[in-house]
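I opened my notebook to look up a few features of one protein chain. Here is what I wrote down, entry by entry.

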Amino acid sequence: KEWKEININGKKLTRETDTLDTFVCSSWYYLRFCSPKEKVYGFNKEDINYWMPVDQYIGGVEHAILHLLYSRFFMQALSHNNDEFNILEPFEGLFTQGMVCHETYKDLDNNWISPDEIETINGKKYLKNDKSKIVKVGPSESMSKSKKNTIDPEKMIQIYGADAVRLFILSDSPPEKDIQWSESGMSSSFKFIQKFWLLSDEAISLITKEKNNSKKEIDVFTNQSIDKINFALEKFRYNVIIAVFHEIYSFFKKLLAEDKNYENFEENFKKILIVMSPVIPHIASECLNRIGVKNINWPKVKNKYLKSKEKIIVIQVNRKKRNTITITDEIKENELIEKIKEMKIIEKYITNKKIIKSIYVKNKLINIIVK
């Protein structure tokens, strides 16, 4: 206070203390998070040694030239000639997410218009408050307040529910790609939630019936599904998880049609609900409560059910699925490509084109890049 409040030529003045850009704070906040209650210094050495560096950073691509660059500089600076601080890189992993995009709209005076101000009549868009004025539809761009092409998440949650919104956001594309917002996609996710609720209702009713002998097929499917979801979670392939959800629905729908309460049905259905809970937590939690599950532990995969003689490998050409191939034995990448050529199952996609390279995920997928 003595330094801050001064007197010059009889005038009371206050020194300016807020002189640092906000990026200074965002360049070391993670160190403070390690020691939020430390009062003597910004962080505690023991806390830093335990928590740092950050395992995974997730953010938009725009952070690459500002926040991330400043953060790396700060760590280098703090580590310089400092025996008690030696963290050169603040983040071990970086994942840059895509943006949510929506069509843009303008009136005849070139003013931005929000989707809420528009009404569609006979395939054309007009202003709600003056249906004689047509609206100009622009390109799909990242949602922003300035262009008024945002969707109110609270409104979507009120209409469809939070689980359906989460399901749509995750199902559209890999998270590093931009997402195109669409009402039809949102509606489709909502319908899946409704279908799965009805499915779970049937499953809960079935559990009360007299038990039949176990069916190995249920154990195999459940463990393989959990294994796929584990892999997709680790690799940030959330859209793949949603694809597995649809496989789960189809499998259990057919199983319920048999109207037999197999001894291993209830336990496996519980496991399925648990692995679905990160994506649709509300409905999964409700279903688990109805079955009587209180303590939730992530199910472990039993490897004996993963060892299948036949393996179906997805064949992609330039990242687009074109076919599948079934193999019975372990196969190397070059042998697999030769086998695909021999069988001519993607011939029309590679004819007169040069194979530049291929990306092989063992026993799961091969992506052939052509030019």
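**Entry 1: Asp 107**

I began with Asp 107, which is buried because its relative accessible area is 15%. For this term, buried means under 20% relative accessible area, exposed means over 50%, and partly exposed lies in between, with a 1.4 Å probe and protein chains only. I found Asp 107 in the loop between β5 and β6. My labels follow DSSP runs numbered from the N terminus: helices are H or I with at least four residues, and strands are E with at least two. I also looked up a distance: the C-alpha atoms of Asp 107 and Ser 205 are separated by 55 Å, and these residues are 98 apart along the chain.

A note to myself on the source: this is a predicted model, where local features need pLDDT of at least 70 and side-chain atom pairs count only at pLDDT 80 or more, while totals for chains, interfaces and linings use all residues. Residues are numbered from 1 along each chain as its sequence is written, and side-chain values use heavy atoms, with hydrogens and water left out.

Most residues other than glycine have a negative phi, and most peptide bonds are trans. With that in mind, I looked for exceptions.

Asn 110 is not a glycine, yet its phi is positive, at about 70°. I located Asn 110 in the loop between β5 (100–106) and β6 (112–113). Its relative accessibility is 42%, so Asn 110 counts as partly exposed.

Arg 319 is not a glycine either, and has a positive phi of about 75°. Its place is the loop between β13 (311–317) and β14 (320–327). Arg 319 counts as partly exposed because its relative accessibility is 46%.

Which peptide bond did I note as cis? The one from Met 52 to Pro 53, with omega near -5°. Pro 53 sits in the loop between α3 (45–51) and β3 (57–60).

**Entry 2: salt bridges**

Side chains of opposite charge can pair when their charged atoms come close. I counted a salt bridge when a side-chain nitrogen of Lys or Arg is within 4 Å of a carboxyl oxygen of Asp or Glu. By this rule I got twelve salt bridges.

Arg 290 and Asp 201 form one of them, at 2.6 Å from N to O. This pair links distant parts of the chain, 89 residues apart: Arg 290 is in helix α11 (residues 281–291) and Asp 201 in helix α7 (residues 183–207). Arg 290 is partly exposed at 37% relative accessibility, and Asp 201 is partly exposed at 31%.

Glu 202 and Lys 253 also meet in a salt bridge, at 3.3 Å from N to O. Here too the pair links distant parts of the chain, with Glu 202 in helix α7 and Lys 253 in helix α9, 51 residues apart. Glu 202 counts as partly exposed at 36% relative accessibility, and Lys 253 counts as partly exposed at 36%.

Lys 215 and Glu 217 make a salt bridge of 3.7 Å, N to O. Salt bridges with shared partners join Lys 215, Glu 217 and Glu 258 into one network.

**Entry 3: the largest pocket**

How much space lies in the largest pocket? About 1,600 Å³. My pocket search used a 1 Å grid over the protein atoms alone: a pocket is an open set of points where a 1.4 Å probe fits, with protein on both sides within 12 Å along at least five of seven lines, and lining residues have an atom within 4 Å of a point.

I found 34 lining residues, and Lys 228, Val 240, Val 314, Lys 364 and Leu 365 lie nearest the centre of the pocket. Helix α8 gives the largest share of the lining, eight residues. By class, I noted 14 nonpolar, seven polar and 13 charged residues in the lining. For these classes, Ala, Val, Leu, Ile, Met, Phe, Trp, Tyr, Cys and Pro count as nonpolar, Asp, Glu, Lys and Arg as charged, and the others, Gly among them, as polar.

**Entry 4: Ile 337**

Is Ile 337 buried or exposed? I have it as buried, because its relative accessibility is 13%. Ile 337 belongs to helix α12 (residues 333–343). From Ile 337 to Ser 358 is 8.7 Å in space, C-alpha to C-alpha, and 21 residues in sequence.

Conventions: Grid points are joined across faces, edges and corners, and a volume is the space filled by probe spheres set on the points.
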